[in-house]
Amino acid sequence: MKLISVSKSYGDNVVFDKFCLEAEEKKILAVLGSSGCGKTTLLNIISGLTDFQGAVEKSGNKISYIFQNKRLLPNLTVYKNIEFVLKNVYSKEKIPCIINEILRKVELYDSRNLYPSELSGGMGQRVSLARAFAYPSDILLMDEPFKALDISLKKRIIETFNSLYRTDRRTTVFVTHDIEEAFAVADRIIVLQKGGNILADETLSVPAEERGYADFSETKKRIYDVL
Ligand SMILES: Nc1ncnc2c1ncn2[C@@H]1O[C@H](COP(=O)(O)OP(=O)(O)O)[C@@H](O)[C@H]1O
Ligand SMILES: [Mg+2]
């Protein structure tokens with residue numbers, strides 16, 4: 001996926017000025033940066049939710065977008081929330097198998113008939129993950145998806161994400177302000193500054209599933225230095 005000379009302003013507020021970025025297919029690009037630097041705007045540009053100047057070249061148009069605040073349909077159960085995005089994609093016969101399989105993977109099969117208001121924050125984000133992976137998207141956009149979770153829930157959901165991702169890779173842009181989270185999932189980490197400057201750009205050589213043993217202290221230091 002390629003962003004070519006992308007510009008976006010809100011009045012005098014220049015968020016991106018002729019910004020260029022190439023994200024490798026089927027890899028996870030983590031985008032770090034301080035609040036207000038344009039991380040959400042970047043995802044909205046890629047997804048087409050916001051207008052902009054320039055071009056975005058994508059290998060496919062199917063997008064899963066996990067928003068910062070879980071956006072589940074409140075009047076639908078967990079099961080129906082996932083079914084909702086699959087209706088026009090798979091046949092009626094196939095849909096239950098896909099949903100039940102993904103619900104088992106995110107450990108929500110027993111909660112499939114609950115409504116969003118009955119879910120904890122962690123469970124809600126698991127539904128968002130399940131919905132994103134159930135839909136056969138080319139591109140996965142994630143906007144600080146684990147932000148509100150405590151550390152042990154975060155650790156578990158990252159494990160779930162990594163295991164889903166290992167068997168079903170998509171071109172992913174993972175926005176976060178949490179450097180540890182970025183190191184836990186990403187293949188490459190960039191630090192974005194308002195206006196579209198890239199302050200750091202680090203490719204991680206060890207795959208996410210082997211991260212536990214890797215020493216990234218030098219890379220981490222370079223990123224901390226620009227944050
Ligand atoms: N809909 C909007 N209208 C006006 N300004 C906006 C809008 N969305 C974002 N901005 C501004 O654009 C800048 C980048 O915002 P955002 O992409 O949300 O940053 P981040 O996600 O990195 O915190 C901020 O200065 C913000 O105030
Ligand atoms: Mg944001």
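Colleague: How do the residues of the shell around ligand 1 divide into nonpolar, polar and charged?
Modeller: This is a predicted model, and in it the shell around ligand 1 has three nonpolar residues, seven polar ones and one charged one.

Colleague: Which residues are they?
Modeller: Around ligand 1 you find Tyr10, Asn13, Val15, Gly33, Ser35, Gly36, Cys37, Gly38, Lys39, Thr40 and Thr41.

Colleague: And which element supplies the largest share of that shell?
Modeller: That's H1, with three residues. Helix H1 (39–47) and strand S2 (13–22) each give at least two residues to the shell.

Colleague: New topic: strand S7. Is it enclosed or open?
Modeller: Strand S7 (residues 171–175) is largely enclosed by the rest of the structure, because five of its five residues are buried.

Colleague: Which residues of S7 point which way?
Modeller: Thr171, Val173 and Val175 point one way from S7, while Thr172 and Phe174 point the other way. All of these residues are buried.

Colleague: Which strand pairs with S7 over five bridges?
Modeller: Strand S6 (residues 139–143) does, in the parallel sense. Look for leucine 141, which stands opposite valine 173 in S7.

Colleague: How does the chain cross from S6 to S7?
Modeller: The chain passes through helix H5 (residues 151–167), and this β-α-β crossover is right-handed.

Colleague: What about S3 and S7, how many bridges there?
Modeller: Strand S3 (residues 28–32) pairs with S7 over four bridges, in the parallel sense. In that pairing, alanine 30 stands opposite phenylalanine 174 in S7.

Methods: Residues numbered from 1 in each chain as written. Chains lettered and ligands numbered in written order. Predicted model: local features only at pLDDT ≥ 70, side-chain atom pairs only at ≥ 80, totals over all residues. Near = placed C-beta within 6 Å. Nonpolar A, V, L, I, M, F, W, Y, C, P; charged D, E, K, R; others polar. Buried ≥ 20, exposed ≤ 12 C-beta atoms within 10 Å, placed from the backbone. Pairing = 2+ DSSP bridges. Right-handed = clockwise from strand over helix to strand, strands pointing away.
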